Amino acid sequence: MPTIQPRFPLGATVITPGAAAALADANVHPAHYLQRHRHGDWGEMPPEDQASNEEALTEGYRLMSSYSIAPHTTIWVITEADRSVTTLLLPSEY
């Protein structure tokens, strides 16, 4: 369940060329999805993956969210386990 306060640091944020183009095409700023991710809104992740993210918050594992930004277009947001970097990318760029 999303919270009002950020739940973890994002570290440096980077975006792949494909994700940048897809977000521009959808007319959505990347900060929208970074904030959702940072506040524990994991998007369209299956329940078991959402539960893994909740565990990762306390155990220090990688965090991942998935958002539909347009019909047939999904963006992933991944924060590394050490919270040093968060990347926005398309699944095909993984």
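## A salt bridge between R7 and E54

R7 forms a salt bridge with E54, and the closest N and O atoms of this pair are 2.7 Å apart; a salt bridge here is a side-chain nitrogen of Lys or Arg within 4 Å of a carboxyl oxygen of Asp or Glu. R7 lies in the segment before β1, while E54 belongs to helix α3 (residues 47-59), so the pair ties together parts that are 47 residues apart in sequence. Helices (H or I, at least four residues) and strands (E, at least two) are DSSP runs, numbered from the N terminus.

R7 counts as partly exposed because its relative accessibility is 29%, and E54 counts as partly exposed at 29% relative accessibility. On this scale buried means under 20% relative accessible area, exposed means over 50%, and partly exposed lies in between (1.4 Å probe, protein chains only).

## Basis of the description

This is a predicted model, in which local features need pLDDT of at least 70 and side-chain atom pairs count only at pLDDT 80 or more, whereas totals for chains, interfaces and linings use all residues. Residues are numbered from 1 along each chain as its sequence is written, and side-chain values use heavy atoms, with hydrogens and water left out.

## The other salt bridge

The structure holds two salt bridges, and one of them joins R36 to D41, with the closest N and O atoms 2.7 Å apart. R36 counts as partly exposed at 25% relative accessibility, whereas D41 is buried, with a relative accessible area of 19%.

Four strands form an open sheet of mixed pairing in the order β1-β4-β3-β2, where two strands pair if DSSP finds at least two bridges between them. The edge strands, each pairing on one side only, are β1 (12-15) and β2 (63-70). Neighbouring strands of this sheet are turned by 15 degrees against each other on average, direction ignored; axes are lines fitted to C-alpha atoms, for helices over the stretch in contact, and angles run from 0 to 180 degrees between N-to-C directions.

Strands β2 and β3 (residues 73-79) run antiparallel and are joined by seven bridges, and A70 stands opposite T73 in β3. Helix α2 (residues 30-38) packs on the sheet, where it touches β1, β2, β3 and β4 (85-89), and its direction makes about 140 degrees with that of β2. Contact means heavy atoms within 4.5 Å.

## T16 in its loop

T16 is found in the loop between β1 and α1 (17-25), and it counts as buried at 15% relative accessibility. Leaving aside its neighbours within four places in sequence, T16 is in contact with T87, L88, L89, L90 and E93.
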